[in-house]
Amino acid sequence: MTLSEPELRAAITRELPGVRADLERLVRIPGIAFDGFDHSHVERSAHAVAELLGGCGLDTRVVRAGDGLPAVIGSRPAPPGAPTVLLYAHHDVQPVGDLALWESEPFEPVERDGRLYGRGAADDKAGVMAHVAALRAYGDDLPVGVVIFVEGEEEFGSASLEQLLAEHRDTLAADVIVIADSGNWDIGVPALTTSLRGIVNMFVEVRTANHAIHSGMFGGAVPDSLTVLAKLLATLHDDAGDVAVGGLTSAGPAPVDYPEDRLRAEAGLLDGVSFTGTGQLTERIWLKPAISVLGIDAPRTGEAPNALVPSAKAKLSVRLAPGDDPRPRTRR
Ligand SMILES: [Zn+2]
């Protein structure tokens with residue numbers, strides 16, 4: 001027996017205040033998996049999640065692999081003939097960065113304009129609680145088997161994920177996976193993300209001399225590494241801003257488009273700044289490759305002497321379109 005739609009709606013309305021209160025409780029735990037942070041909070045957060053899942057009648061345990069931080073696995077077998085659904089979320093959060101840029105305490109959840117603010121309130125403790133809410137709403141009438149996997153070091157690169165998956169392969173076996181860790185289309189409009197772009201990060205270093213030399217004595221004949229690096233980086237895109245690197249896959253077209261003014265507002269794009277690339281906006285941000293420069297190691301402007309910079313390094317991020325493969329390919 002499963003719930004009818006009105007019954008399910010009523011169950012969600014009934015459960016929502018408790019779900020919201022538990023979300024706030026999770027947000028108050030500063031579980032940051034990055035090196036140099038107090039990992040006892042990640043332990044606490046794993047146990048808090050385990051308690052929530054246990055409360056939904058799942059057989060729950062906190063697991064780890066090697067030096068990795070704790071993940072939580074909960075499971076409940078499928079009724080005869082029914083499929084098993086794996087629910088994924090993560091309970092660790094990003095560091096808070098510059099506190100001066102926060103409008104309220106990072107780990108004290110606050111509601112403003114209908115949204116809950118606090119580190120991890122969306123990414124990804126809301127994901128944890130969306131799963132918990134579904135389990136609570138269905139209660140004993142859950143029509144499928146469920147395995148829930150809540151990772152504890154997603155924001156820090158998931159170093160032990162592969163080992164965890166291998167060690168718990170049998171428990172985690174499922175017919176379908178639902179990942180609650182991506183964007184939503186709009187307030188009040190639910191959405192399913194069926195594909196995300198992949199990522200390859202790389203470093204490019206340019207060296208033009210074995211030491212810094214005087215720009216007045218040598219500039220004009222001897223190249224400085226920053227100008228060379230800037231010229232190299234400028235070749236990654238054509239004049240329209242589309243990626244000019246050969247061999248990358250594009251998917252598309254997209255079945256929906258992003259309203260231009262909404263993307264502008266959400267990105268905080270300044271007046272007079274144009275979008276880059278061509279084609280539908282959704283195609284550009286979801287289905288085509290993108291290359292961005294994430295950082296450059298170079299002298300700081302306030303400290304830069306009158307010298308040609310002998311070496312410069314950039315960090316590049318390549319976003320791969322659905323269907324592409326991050327592994328190196330041999331040229332055909
Ligand atoms: Zn996330």
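Does isoleucine 29 count as buried or exposed, and at what relative accessibility? At 8% relative accessibility, isoleucine 29 counts as buried, where buried means under 20% relative accessible area, exposed over 50%, and partly exposed in between, using a 1.4 Å probe and protein chains only. Before we go on, this is a predicted model, in which local features need pLDDT of at least 70, side-chain atom pairs count only at pLDDT 80 or more, and totals for chains, interfaces and linings use all residues. Residues are numbered from 1 along each chain as its sequence is written, and side-chain values use heavy atoms, with hydrogens and water left out.

So where is isoleucine 29? Look in the loop between α1 (5-27) and α2; helices (H or I, at least four residues) and strands (E, at least two) are DSSP runs, numbered from the N terminus. Not counting residues up to four places away in sequence, isoleucine 29 touches His41, Arg44, Ser45, Ala48, Phe107 and Lys125, with contact meaning heavy atoms within 4.5 Å.

Now for the helices. The axes of α2 (residues 40-54) and α3 (residues 125-138) come within 10 Å and cross at roughly 15°. Axes here are lines fitted to C-alpha atoms, for helices over the stretch in contact, and angles run from 0 to 180 degrees between N-to-C directions. That makes α2 and α3 roughly parallel to each other, since angles under 35 degrees count as roughly parallel, over 145 as roughly antiparallel, 65 to 115 as roughly perpendicular and the rest as oblique. Where they meet, Val49, Leu52 and Leu53 in α2 touch Val128, Met129, Val132, Leu135 and Arg136 in α3.

Next comes the sheet. Its 5 strands form an open sheet in the order β1-β2-β6-β3-β7, with mixed pairing; two strands pair if DSSP finds at least two bridges between them. At the edges are β1 (59-63) and β7 (176-179), each pairing on one side only. The twist averages 15° from one strand to the next. β1 and β2 (residues 71-76) run antiparallel and are joined by 5 bridges; arginine 61, for instance, has isoleucine 73 in β2 as its bridge partner. Helix α2 packs on this sheet, touching β1, β2 and β6, and its direction makes about 170° with that of β1. Helix α3 packs on the sheet too, touching β3 (84-90), β6 and β7, at about 150° to the direction of β3.

One last stop is serine 158, in the loop between β6 (145-151) and α4 (161-167). At 17% relative accessibility, serine 158 counts as buried.
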